[in-house]
Amino acid sequence: MKDNTKIHFTLDAIDKRILPGRMKGNGGSNTRGESYDFTSFYMTHNDKPHIPVVGEFYFSRFAYLQWEEELLKMKAGGVNIVASYVFWNFHEEKEGVFDWSGQLNLRHFVDLCGKHQLPLIVRIGPFCHGEVRNGGLPDWLFNYAFDVRSNDEGYLYYAERLYREIARQIQGCFYQEGGPIIAIQLENEYMHAGAPLDVWGYSQDKYISSGRDGKEHMDRLRHIAKKAGMNPMFYTATAWGGAAVPEQGTLPMLAGYAYTPWIPNQPPSREYLFRDLHKNPMEELDYDSLEYPAAYCELAGGMQVSYQARPVVDADSVEAMTVVKLANGSNLVGYYMYHGGSNPIGQHTYFNERGLPRITYDYQAPLGEFGRIGESYDRIRSLAMFLDAYGELLAPMGTVIGEEQLSITPENISDVRWAVRQRAGSGFVFINNYQDHVDMPARDVQLELVTPQGEVKLPQCGTIQVKPGKAMILPFHLSVGEMKLISATVQPLTRFMVDEELTAVFYAHEGMIPEYVIDAAGINEVYQNEDKIQEQDGMYVLHPKAGKQHNLRVTMMDGTVICLLTLTREEALQSYLFELDGEKRLVISTSHLYVHNEQLVCTSVQHNEFEVSFYPPPKSVIVPEFATLHQSEHPLFVTYTLQLPFYEPLIQVEYPKENAATLKIDMCWPEQVNDLFVEIDYEGDVAAAYIHQQLLTDHIQYGDPWKIGLKQSRHLLVDHDLRLLITPLRKGTTEHFVNQAYVERFQGVELGRIEQISIVPHYRVTLVVSF
């Protein structure tokens, strides 16, 4: 391995030139005086640079009675823009008969986004894809002699009828009118990709056209949308693969997928390499990238498992891709999918794309089918907190890539991968040690930067160790209030005011000693816990312990106080920043949290006892009668230990065969239980779960346990059993021959066995917190 322990780099790059760009003026204000607009490099929100976090959540793939809870979980997870498809075939399965009820109630979903101040991008097709049958085009559409996805007048007649119906549902809901809809996406991957023509039926190699009429078709669709009454501030278009992007008023969106089942024998991807993607995109595009912000609307929040390809997408991959894309100049990060779900069942057919599960669209997403919370949910939230606190600084910073980085290939495990975003010699160092389909080694690194504001060493002495699969963001020459942070080996998490005192929160990565190097200019005194620290050569070099019980306090000459809080990585991934009682509060919990009606909702998988810590401490916390509460105090935080009554679900399991089970589950849950999840470990190929005669969900075995939430089907399970059926996995050889008829003969073993079934309670309690 090459000796990359010490890296020396002179940061003499010219500051990023920010121009108005092609999107300038395609923003607007709402009735509350809030606004969006654009430059050539970033969005603005309320006239300040802004890096939004976009989460894909398809309303029609989730039970509508739980939409509000899931949106609140997304908001707590750091999502500040929601995106959702309107799948045409879900709503007009039968020609001329539209259904906007129940799980298909677009207006209700839009209203909930508005209620919780979540801006919304509506992706209205007509073609969507989204791994839906025919890419979302209804079966009956192919009965006519015109080309879909074209300017044929016959096709546009039906597209216009669809748009009129959608416009009726979202009338009055645009941002300028006080609603949540900030943008509309027309079509999807136009002139780049099609989808399987599932209605064809004769063979599996028939595909829907990727389009033929280029920008002219996109312009026609926009004209039709505006004629129907859909006038958003701006439009969006998926732009990768050379897809068509209209000239005016359209924000091009990009994608990053590392685990791509559509590529056979996939090699390591280029998604984890550092490049200036605003200046030099990694693929040919249909527009001038320097005129638009680099906006990645589809970073892989997971991947859908198909029958032929069954990738496992871990949380490290999601976190690392976000870090790399931010370093590379992306000033919008969006996740496909952020929230998984389940396909509805049609009147005549299932709505899945061939080769995919009929029902489940869990996608291994941060929030999955039935509302499952995945590990990547915490990773994204920590990065979203950083963007909320520091996005205004980061957005105008240009990407600086060392020359040696440009020759690194995905297979390279020898060289340290790093990049900088900076402006006027201040910025952030990005380090990535993750690569899909490759095992990366741990590495010890010291990085020396010569900047216009002076030399920076990370760390001052020795090295930091970057663990395999990890990625990080480290600051240099960063202004923290009136204090200048020369460098730090801890990652910024968030910052907020407490009684006119700035609290800046950082966290230490595993295996890295926390270090702050602070310019002594303007500082009166520095205390580490109760110990006064002396300056050395015009600097304070501090190595605090990580943990919420420790803090640094810096008092400036003018009397202002800055509190530096260094969390452990575990604490950072348990952290939330909520506005409670009109002020921002840092909450750290071993449960998951969201805010509803000014109350704090705690949810916990399996564990009926958990902790919630607050800074600043509240005056009081009130819990329901069924919960017990114990309080303990730290220098900054007050920690409450909550204990809920333990619940042991009542279940009877029968095994008619080793690959089948029937579950009788008591649906009379106590009030502290929000949901029950059935978790199944099985050996087999695919699986299905039924309630009475209806398929509830299905599963393609890819290595992780199969998890089924029961809350949305609770009413059905009162009278019916849950039936599980495993299709065996064949290991052996299959012979095909003709003996008057086509014959298949298998020789080998069939593995299909349910190994374990667990019923896991998901607890919930609501806290009334007063400050």
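Me: Is K548 buried or exposed?
Reply: In this predicted model, K548 counts as buried, at 13% relative accessibility.

Me: Which side chain does K548 meet in a salt bridge?
Reply: The partner of K548 is E571, with an N to O distance of 3.9 Å.

Me: What does R569 form a salt bridge with?
Reply: R569 pairs with E319, and their closest N and O atoms are 2.9 Å apart. E319 belongs to helix α6 (residues 315-327) and R569 to helix α8 (residues 569-572), so this pair ties together parts that are 250 residues apart in sequence. Both E319 and R569 are buried.

Me: Which residues are linked with those two in a network of salt bridges?
Reply: The network links D316, E319, E375, R379, K470 and R569.

Me: How many salt bridges are there in the whole structure?
Reply: A search of the whole structure finds 41. One of the pairs is E247 with K215, at 2.8 Å from N to O. E247 sits in the loop between β10 (234-238) and β11 (250-256), while K215 is in helix α5, so the two tie together parts that are 32 residues apart in sequence.

Me: How accessible are E247 and K215?
Reply: E247 is partly exposed, with a relative accessible area of 40%. K215 is also partly exposed, with a value of 23%.

Me: Staying with α5, where is D213?
Reply: D213 is in the loop between β9 (181-185) and α5 (214-228). At 17% relative accessibility, D213 counts as buried. Its side chain makes a polar contact of 3.1 Å with the side chain of R212.

Me: Changing topic to the backbone: where are the cis peptide bonds?
Reply: One joins L458 and P459, with omega of about -5°. P459 is placed in the loop between β20 (454-458) and β21 (464-466). Another cis bond runs from Y615 to P616, with omega near -5°, and P616 lies in the loop between β36 (609-615) and β37 (620-622).

Me: Which residues other than glycine have a positive phi?
Reply: Among them are R149, with phi near 55°, and D537, with phi of about 55°. R149 is in the loop between β8 (120-123) and α4 (153-169) and is buried, with a relative accessible area of 0%. D537 is in the loop between β28 (531-533) and β29 (539-542) and is exposed, at 78%.

Me: What follows α1?
Reply: Helix α1 is followed by G78, whose phi is positive, near 100°.

Me: How many residues of α1 are buried?
Reply: Nine of the ten residues in α1 (residues 67-76) are buried. The buried residues include W67, L71, L72 and M74, as well as the charged residues E68, E69, E70 and K73.

Me: Which residues form the surface patches?
Reply: D499, E500, E579, D581, E583 and E598 form a negative patch. Within it, E583 is found in strand β33 (residues 583-589) and is partly exposed, at 42% relative accessibility. A nonpolar patch consists of I651, V653 and Y655, with about 230 Å² of accessible area together. V653 has its place in strand β40 (residues 651-657).

Conventions
Residues are numbered from 1 along each chain as its sequence is written. This is a predicted model: local features need pLDDT of at least 70, side-chain atom pairs count only at pLDDT 80 or more; totals for chains, interfaces and linings use all residues. Side-chain values use heavy atoms; hydrogens and water are left out. Patches are made of residues with over 30% relative accessible area and no salt bridge: like charges are joined within 9 Å, nonpolar side chains (Val, Leu, Ile, Met, Phe, Trp, Tyr) within 5 Å. Accessible areas come from the Shrake-Rupley method with a 1.4 Å probe; for residues, only the protein chains shown count as cover. A salt bridge is a side-chain nitrogen of Lys or Arg within 4 Å of a carboxyl oxygen of Asp or Glu. Lys and Arg count as positive and Asp and Glu as negative; His and the chain ends are not counted. The place of a charge is taken as NZ of Lys, CZ of Arg, CG of Asp or CD of Glu. Helices (H or I, at least four residues) and strands (E, at least two) are DSSP runs, numbered from the N terminus. Buried means under 20% relative accessible area, exposed over 50%, partly exposed in between (1.4 Å probe, protein chains only). A polar contact is a pair of N or O atoms within 3.5 Å; within protein, one must be able to donate a hydrogen and the other to accept it, and residues adjacent in sequence count only if both atoms are side-chain atoms.
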